[in-house]
Amino acid sequence: MLPEQDAARRAVESAARSILGGAGYRRIETPTFEHTDLFARGVGASTDIVQKEMYSFEDAGGRSLTLRPEGTAPVVRAYAEHGMHKAPQPVKLWYLGPFFRQEKPQAGRFRQFWQVGAEAIGSDDPAVDAETIVLLHALIRELGVEGVNLRLGSLGTPETRADYREQLIAYLRANEDRVSPEVRARIDLNPLRAFDADDPGTREVMQGAPLLLDQLTAEDAEHFAEVRARLDAAEIPYAIDPTLVRGIDYYTRTLFEFTSDVLGAQSAVGGGGRYDRLAQELGLGATPGIGWAAGVERLLLAGEQRPEPEPVTDLYVAGTDVPAFALAAEARRAGLNVQQELAGRSRKGQMKQASRTGARWVAILDDEGTFLKDMETGEQHELEPTAVVAHVLKGRHFA
Ligand code: AMP
């Protein structure tokens with residue numbers, strides 16, 4: 001994060017705080033690293049994240065730790081460890097911070113990136129699903145992201161998925177001579193990933209593949225219909241995508257992803273889904289939940305550039321000697337924004353620097369006395385050193 005990106009990043013944070021905070025979400029920050037096991041179990045052993053993207057290391061005590069690759073498992077852990085199941089449900093939490101994945105860096109894909117995310121834990125009501133999507137939509141819209149598409153799917157229950165997985169494996173085996181070697185090698189490990197493949201052979205095969213959406217139980221189909229009815233009521237446009245696949249194993253039922261046309265290859269802005277199986281898998285007791293995460297860098301890449309104005313410098317103190325330093329300190333104690341000379345510039349250089357900082361006033365302390373220059377009018381007057389701060393505070397122009 002470079003200084004020129006600070007204002008835009010703060011805009012993401014304040015939009016998230018206002019949209020999510022306004023909907024009753026409270027901010028949480030989990031540790032930067034956790035036990036590797038949390039992610040291995042929470043994200044799923046067959047996922048790309050666990051198989052090849054985690055930064056794991058052993059600490060001096062021989063514990064295997066991992067820089068967090070995602071936020072949901074840690075938030076669910078915190079929910080259970082801090083007794084949040086005793087609070088009114090669902091517990092609504094949001095987070096913003098850095099995440100780490102060992103990936104090949106490219107435009108919009110980094111090894112350390114920031115995510116803003118939201119989790120609603122403790123209810124499986126379809127209204128929660130729809131509300132989380134509405135809130136991510138609001139955040140994306142507030143940040144002026146262009147060319148937004150929302151894809152929506154449902155993964156059903158683990159049982160439906162297991163049956164479907166067998167069917168898909170059988171289908172891929174029957175067609176294995178037509179799919180890419182990568183897909184063939186992973187048929188048993190992660191057959192769903194075949195829907196993501198780019199090569200023409202696999203794509204052709206997948207056009208005839210069985211679809212999970214056609215096989216949802218009546219209950220799951222009803223849940224999905226209830227979510228859609230609420231998105232329709234909220235006037236959120238979406239496309240049903242029966243092939244929507246996400247790289248995290250613990251999703252059940254609702255699944256969604258927002259993309260932006262302006263992002264190129266890494267088009268995913270943010271997405272999420274329901275994870276009713278996750279808490280139980282972590283040994284924390286069955287608790288339904290749903291959440292999403294959006295990439296801050298991608299929100300900024302695809303969003304409208306609206307830098308906030310820089311803070312105003314009230315006073316620039318020319319001079320680095322002790323009296324000048326004392327004056328700067330006094331002005332800061334009085335609540336003024338002060339910059340002071342720090343590089344031994346000539347008087348002319350100091351005045352140039354003062355106008356670069358956008359200073360409203362400049363205090364010049366030299367052998368001839370103390371002078372205050374009004375940078376709006378160019379007027380300069382001598383005054384007592386003790387009177388400088390009061391003058392600036394009053395914002396008084398000299399007559
Ligand atoms: P995921 O947990 O993979 O669904 O990621 C959620 C969001 O985080 C994605 O939609 C991206 O916007 C962002 N994201 C994921 N991985 C990266 C990365 N390596 N670099 C930058 N942003 C990422």
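How many cavities of 30 Å³ or more does the count come to? In this predicted model, the answer is one cavity. Let's begin our walk there. The largest cavity has a volume of about 80 Å³. Twelve residues line the largest cavity, and the closest to its centre are Ser154, Leu155, Leu212, Pro242 and Leu244. Sorted by class, this lining holds eight nonpolar, three polar and one charged residues.

The largest share, six residues, comes from H1. By class, the lining of the second largest pocket divides into twelve nonpolar, five polar and six charged residues.

Our last stop is a pair of helices. Two packed helices are described by the angle between their axes and the distance between the axes. Here, look at helix H5 (residues 126-142) and helix H9 (residues 218-233): their axes come within 8 Å and cross at roughly 40°. An angle under 35 degrees would count as roughly parallel, but H5 and H9 cross at roughly 40° and are therefore oblique to each other. Their crossing is right-handed.

Where the helices touch, Pro126, Ala127, Asp129, Ala130, Ile133 and Val134 in H5 meet His223, Glu226, Val227, Arg230 and Leu231 in H9. This contact brings together seven nonpolar, one polar and three charged residues.

Definitions and conventions. Residues numbered from 1 in each chain as written. Predicted model: local features only at pLDDT ≥ 70, side-chain atom pairs only at ≥ 80, totals over all residues. Heavy atoms only, no water. 1 Å grid on protein atoms, 1.4 Å probe; cavity = no way out; pocket = protein on both sides within 12 Å on 5 of 7 lines; lining within 4 Å. Points joined across faces, edges and corners; volume = space filled by probe spheres on them. Nonpolar A, V, L, I, M, F, W, Y, C, P; charged D, E, K, R; others polar. Helix = DSSP H or I, 4+ residues; strand = E, 2+ residues; numbered from the N terminus. Axes fitted to C-alpha atoms, helices over the stretch in contact; angles between N-to-C directions. Parallel < 35°, antiparallel > 145°, perpendicular 65-115°, else oblique. Left-handed = near helix turned anticlockwise from the far one by under 90°. Contact = heavy atoms within 4.5 Å.
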